[in-house]
Amino acid sequence: MPLFRPRVRAIARIARRALRRPVVAWRQSMRFRTILLTTATTTLAILIAIVWAALAIQTDLFDARRQQVTEATNRTIEFTQESVADAAPLATDRAAVQALRNTMLDNLKTASSSTEFILGFPIPEQSTDLAPSAFTLRPDLFGPELLSDALREQVRTVPDTQWWQSIALTLEDGSEIPAIVVGQQLEMPGVGVYEVYLAYPLVDVAETLAFVQFTLWITGVALVIIVAGIMWLVMRAVTAPIVEVSATSERFAAGDLSARLAAHGEDELASLARSFNQMADSIESQIRELAELSLVQQRFVSDVSHELRTPLTTIRLAAGVLYGERGSFAPIAARSAELLHEQVSRFEELLTDLLEISRYDAGSVELEREDVGLSEIAAAVAGGMAEIARQQGTELRVRPADGDDIVEMDARRVRRVLRNLVGNAIEHGEGQPIDITVTAGRDAVAVGVRDYGLGMRPEHVERVFDRFWRADPSRQRTLGGTGLGLSIALGDATLHGGTLEVWSHLGVGTHFVLTLPRDRDAGFAVSPIAVEPPEALTVGDQLAGNGPTTETLVVHHENTREGHE
């Protein structure tokens with residue numbers, strides 16, 4: 001038995017593949033579906049036509065043969081009746097009656113040359129004692145057991161009327177042939193009345209019907225094959241241009257802007273090809289214009305940022321000198337020196353961020369990877385921002401990972417992401433504690449920054465990663481910032497093959513989750529930290545009066561250069 005298992009499994013695999021191919025072809029090929037449906041409906045129609053024609057021909061052949069044998073039986077009975085009537089007066093004793101009976105049987109056989117199956121019975125109520133017993137020409141093949149009681153009853157009780165019945169005659173070799181039995185009364189004057197039955201084999205009708213049915217089936221199969229072939233040729237001629245359009249569209253969508261269709265003739269497909277080419281030309285032109293515009297924009301931002309650095313450096317040095325000597329200035333001048341120093345620093349940060357954004361747009365950012373523990377980076381960022389948090393009355397609570405949280409990353413960029421997230425949490429946390437949680441999973445390591453401050457509305461959460469966007473334009477930034485931090489953070493996460501997600505509920509707080517995969521080439525990895533905090537539903541219900549948290553929204557960004565769609 002174990003020797004057969006591999007063979008059985010191999011057969012099962014082959015069967016599954018054989019069954020899978022038609023399913024795949026049905027889903028993916030319009031030509032296959034059309035040909036299959038057309039062939040199936042044509043086969044059904046031809047099958048119905050063949051069955052109907054075969055039944056009609058069978059009925060017609062049977063009716064014609066039945067009419068023929070009933071007329072032949074009627075002639076046979078009339079001929080025999082006349083011959084018996086002429087000889088009956090001479091039959092005065094049993095021997096003469098027996099001779100008359102033999103003569104009657106010979107006349108039946110002679111008059112009915114189309115059959116050798118003759119059977120007769122005297123009707124007791126209408127016969128004398130001289131009436132001979134039953135007679136038959138082929139007792140081995142045609143006997144009274146083949147006749148139904150209903151047929152004999154009709155023949156005995158209804159004179160001058162023919163009655164018929166379909167039967168099957170069993171030949172000497174055991175084969176059966178269809179036949180029709182016709183029954184009618186025959187009178188021997190002065191002797192009695194007989195019920196006479198003549199059986200006519202329908203071998204010729206059966207052979208004719210078999211030939212007709214065979215011809216119909218062959219014709220039907222040929223028609224199905226012809227229709228399927230015609231449909232295949234027609235669908236090939238129709239779908240080949242469609243397949244070409246599909247392939248060209250895929251090439252165009254994949255970035256081959258030179259993909260075009262060959263237009264031949266004046267029909268609908270040629271018109272479709274010309275329309276596609278015109279659309280492709282228009283799209284290619286617009287894409288090139290947009291690419292040139294984007295390139296000009298990137299170059300402009302980069303050039304302006306670089307060109308501004310030299311005068312900005314001079315201004316920053318001068319502002320530093322003034323800021324250092326502000327103690328000797330008048331109060332208004334001293335305050336002006338402080339504001340100048342502050343805004344020059346912010347302007348320098350903005351230029352730095354603009355340069356970083358331009359690098360993202362140009363796709364020229366490269367990571368400097370090294371194996372670093374995410375808990376270590378989170379602790380360092382929290383330590384560096386502890387003084388700022390203390391000034392805002394906020395407590396930073398760091399929960400390191402329990403297991404191995406070492407990931408290959410660009411530590412500088414990950415620190416920048418965390419500084420941005422923690423800074424936003426401090427600014428909008430309303431003095432509430434901030435939880436920084438690191439969790440290590442099998443496929444990824446994640447850090448979550450959770451504040452319990454203002455929170456955001458759903459429409460604000462959707463735009464939180466947009467450049468220069470602020471939930472409340474009237475709100476002043478207490479910790480500086482350029483409006484590009486979250487956009488840059490999203491870009492850094494994407495460069496690592498990770499994700500940056502956000503959950504927020506108005507009046508409950510905000511939760512950002514940065515997830516870094518252990519294997520960047522393995523694709524998307526499930527974060528070990530749920531972006532919606534476990535206590536979010538309970539708190540939201542309390543605030544909403546035990547109703548649903550209608551203002552909760554999770555935004556998930558991954559593998560997008562701009563950070564938003």
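This is a predicted model: local features need pLDDT of at least 70, side-chain atom pairs count only at pLDDT 80 or more; totals for chains, interfaces and linings use all residues.
Colleague: In what order do the five strands of the open sheet lie?

Modeller: The order is S2-S1-S5-S4-S3, with antiparallel pairing. Strand S2 (135–136) and strand S3 (163–170) are the edge strands, each pairing on one side only. Helix H3 (residues 94–111) packs on this sheet and touches S1, S2, strand S4 (176–188) and strand S5 (192–201). The direction of H3 makes about 135° with that of S4.

Colleague: How many bridges join strand S1 to S2?

Modeller: Two bridges join S1 (residues 117–122) to S2, and these strands run antiparallel. Gly120 has Phe135 in S2 as its bridge partner.

Colleague: Why is the pair of Phe252 and Phe276 edge-to-face?

Modeller: Planes over 60 degrees apart count as edge-to-face. The planes of Phe252 and Phe276 stand at 70°, with ring centres 6.5 Å apart, so the pair falls in that class. A search of the whole structure finds two aromatic pairs. Phe252 belongs to helix H5 (residues 203–253) and Phe276 to helix H6 (residues 268–324), so the pair ties together parts 24 residues apart in sequence.

Colleague: Are Phe252 and Phe276 buried or exposed?

Modeller: Buried means under 20% relative accessible area. Phe252 is buried at 12%, and Phe276 is buried at 8%.

Colleague: How does Ala440 count by relative accessibility?

Modeller: Ala440, in strand S9 (residues 434–440), has 28% relative accessibility and therefore counts as partly exposed. Leaving aside neighbours within four places in sequence, its contacts include Ala401, Asp404, Arg518 and Pro528. The C-alpha atoms of Ala440 and Ser527 are separated by 9.0 Å, although these residues are 87 residues apart along the chain.

Terms used:
Residues are numbered from 1 along each chain as its sequence is written. Side-chain values use heavy atoms; hydrogens and water are left out. Two strands pair if DSSP finds at least two bridges between them. Helices (H or I, at least four residues) and strands (E, at least two) are DSSP runs, numbered from the N terminus. Contact means heavy atoms within 4.5 Å. Axes are lines fitted to C-alpha atoms, for helices over the stretch in contact, and angles run from 0 to 180 degrees between N-to-C directions. Buried means under 20% relative accessible area, exposed over 50%, partly exposed in between (1.4 Å probe, protein chains only). Rings of Phe, Tyr and Trp (its six-membered ring) pair if their centres lie within 6.5 Å; planes under 30 degrees apart count as stacked, over 60 as edge-to-face and the rest as tilted.
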